Amino acid sequence: MGPPPRPLLYGATLGLEVAGPAEDGPLTPQRSRAVRHTPNHLNVTKAWHEMLEAEESALPLRVYDLEKLVRDQQDEITFLKSTVADLQRRLNLVDGSRAVSKLTTGQGPLRASPQRPISGHSSYGGQDRLDAARRRTANGLQRRPHHYQSTGSLHSDGHSSTSGSPVTSPSPTYGRAQRRPIAAPASLTKRWSSTSDFQARRSPGPSPGPGGGPSPAVSMRRKAGRPRGRRPESYAGHSNTLLEEPLELWRGLGDQDATPVIRPIGGSLTNLSRTAALPRHGTKDMTYNADEGVLKIYLRGRPVNLYAPSAVRDEYQLTRAVPAPKHRLRLEWVYGYRGKDCRNNLYLLPTGEMIYFVAGVVVLHNADDQTQRHYTGHTDDVKCLAVHPNRFTIASGQCTGSAPDAQAHVRVWDSVSLNTLHVLAGGELDRSAGCLAFSRVDGGVLLACVDDGAERTLSVWDWQKGAKLTENKASAETVVDVQWHPLDRGVLMTCGRQHVNFWLLEAGCLQRRQGVFGGRDRPKYVTCMAFTDSGDLITGDSEGRILLWERGGNQVARTVKAAHEGAVFTLMVDKAGNIVSGGRDGRIVQWDRSLSRTGNVLELPAEYGAPRMVSAGRGSQLLVGTTRNCVLTGDWTLSARLVARGHTDQVWAAAAHPGRPQFVTGAWDGQLLLWDVMTHSPVWELALEEGIQCTAFSPDGSRLAVGLVSGRWEVLDADTRERLFSRADGPEPIQAAAFSPDGRLLALGSRNNALFIYQAGPAGYSRVAKCTGHSSFITHLDWSADSTLLRTNSGDYELLFWSAATGRQLTQPSQLRDTQWATHTCTLAFNSVGIYPEAADGTDVNTCCRSHRGHLMASGDDFGKVKLFSYPANQAKTHHQTCRGHSSHVTHVEFFAEDDRLLSAGGQDTAVLQWTVE
């Protein structure tokens, strides 16, 4: 064997030249002076420092990634904890409910479970854990913000809604005050019936508790828009939950006829009295006491007693169903246009109709004949529109909504027959179809679509085959427009925030070139684009400039500065080859082919807003859509004429005139408009300084009460708009207003939980009473036919009654069961209980109205649906007709004086729809 290898000195690893062999001993201070730096050592040292600097620069990013990972893991842990707590809560509740179902049966002797003993008491520790789990679950499944938010006793345990001064109840003490006898003699049982009887008849599952008592249910409020699960067939009397629970059927020993008890596997029967805390919702847990004529409905677990009129008190049965009315609603007219935040959505069709959209409706409007047709195939907000080169085929895209069927997708349809031809990109779009464009050179075979989601994907479709050919990421920033080149096959452009991209579709792939602005400042937004008749691209930007990009290139060839004061919103090339631009300054300017001004300028009135979209009409006519949701027509010689008018913010106030074919609308934009039903145009309009929340006509139609969001309210002359009276009642909005049938009194419901009653006099209005008793804000109110009584609903699901003369609350609602009410706008009442869906929690239904003849009732809900019922709608199963058009929560519905039409107002969609009752 040879000698052992010499050890490698540390200095040698760095490229240092070391004096003496390694075996001479360790490196001493004297020998270290002999170590001298070589060029190789200097290079290694420099590389070492560069590596350290690179590591140091990458360190913050690595720390950020680690922090983000920790946050994500914390969110996952929180979610898992909430899920486990929710599962434990449900198992405990199901455990107790099954036990009660077993022990309260009257079909055989009582038997204790062979699994473990039964206890009627529960410890505070277990209840605290149950309350904590319930709070976590409520926070996790909280609904989106809604108009009906309680400010008071939302979770109050009060049994009746007629309490004079509702207060927050203390924590429940299960097993003591709320404990009930396990069984009672049949002769002492009240004649109660429950909707669970109806459910048992419909399903072969086991029957509910004895004597028709309310069946225990495990119910949870589902988040708005989630699909409701299918009810287990073996458990017809109980509602489905979001988490499936392992259940087994346990029958009484030795008695095959005993009522079955559904128990969780490995569960316990110790919490018998916890059924009082079961969250109940809607009409599925509704019960009726025939002795007292009391119908009990649960909204968010809160019981509400509704008293049946004497005419139906004895014959009322929960198992009956009210058929749908024979009448139908047909959409007659849509008021509004979406130009506030959408573009490229106004065109002229060969049929002479203008096409545009608002809410969930695409409108085909013939201004000459004053007619409209409507495409209503969408289920949520329509966000974009494209017209095929044949001018008859339309593509429209929508956004994702809260309803299960409201997925973002694109619909291709025929504008003549209004038949849907194809549905594209269903389930593939993230948030919304942001912009669409048909190809031009090949006759419109291809359709380009930009997803408005986080990825901003550009996809190309063979729409006739329903096949996606390719896709690519359009940009890291917002994309506002996509256009195919009119002369070059497979070439298209996109623009948006700080970019213009040129695309080439070749061999099934999209290739991108970025636009080069040269020495010019890159604009914050490239807002619009169009093509000249020679194929050059022109773009407008947020700096007020118009840029020219020559055909085939990707660089700016020419710039027109200060084309508009502010952003350029729209560009168009007319039939003569001239360029038309519209900007934030409210001006529409014409340019020749060389981008020189021709002198033609059209200025829009300030009340209509700036031009968002300009397109070619008949001859030299221009179609203009504005930022204040108006549609105008005009040319260079005549001023613009109003064709369609809409609100720009949420519409909450609407009222039909009692004697004329007119109605009034008001919105948070402060605009109050009186409309004519026949001409579909405003009779007058009034701009108020504050948002409008509610409005009401006097019985003779001469006065108009307007409630504002600031707490101020005004009374106007309905013909002249003259202000007759004005006053403020606190800083909270006036939620509801109504004149008494005799016209002498005016009732105002405020968000400060109070009801104000005023009397009309020669000097104005004087306060008669201030009614206090609600624990949340007032949502609806009705007058009695003799003008002596009022009833009100509140945000925490109360139904209270008041004396108009004294303002005192009437605490015996059973004595008012036969009162004749002049109107029916209170959603929570005996004759309107059927408008609530089976699993409703009270916030789903926003508004209702009874027809003047008393044979129909209409309602509006959170999901944009207008429903028509037969009146009275007092059964759990009240069938209805459903109509779509709104894409947001419906805030108001009202029949016109002749009951031949219905008015509905949308919230965030800002649309007002007029329906014909057929």
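Reader: What makes Ala448 the bridge partner of Ala437 part of a strand pairing?

Author: In this predicted model, Ala437 has its bridge partner, Ala448, in E18. Two strands count as paired if DSSP finds at least two bridges between them. E17 and E18 (residues 446–451) have 5 bridges in the antiparallel sense, so by that definition they pair.

Reader: Why are E17 and E20 at the edges of their sheet?

Author: The sheet is open, with 4 antiparallel strands in the order E17-E18-E19-E20. E17 (433–438) and E20 (467–473) each have a single partner strand, so one side of each lacks a neighbour in the sheet.

Reader: How do you know that E43 and E44 pair?

Author: 5 bridges join E43 (residues 712–717) to E44 (residues 723–728), and the strands run antiparallel. One of the links is Trp713 with its bridge partner Arg727 in E44. The two strands form a hairpin with 5 residues between them, and Arg721 in the turn has a positive phi of about 70 degrees. Local features like these need pLDDT of at least 70, side-chain atom pairs count only at pLDDT 80 or more, totals for chains, interfaces and linings use all residues, and side-chain values use heavy atoms, without hydrogens and water.

Reader: What makes a residue count as buried, and how many do?

Author: Buried means under 20% relative accessible area, exposed over 50%, partly exposed in between (1.4 Å probe, protein chains only). Of the chain's 918 residues, 55% count as buried.

Methods. Residues are numbered from 1 along each chain as its sequence is written.
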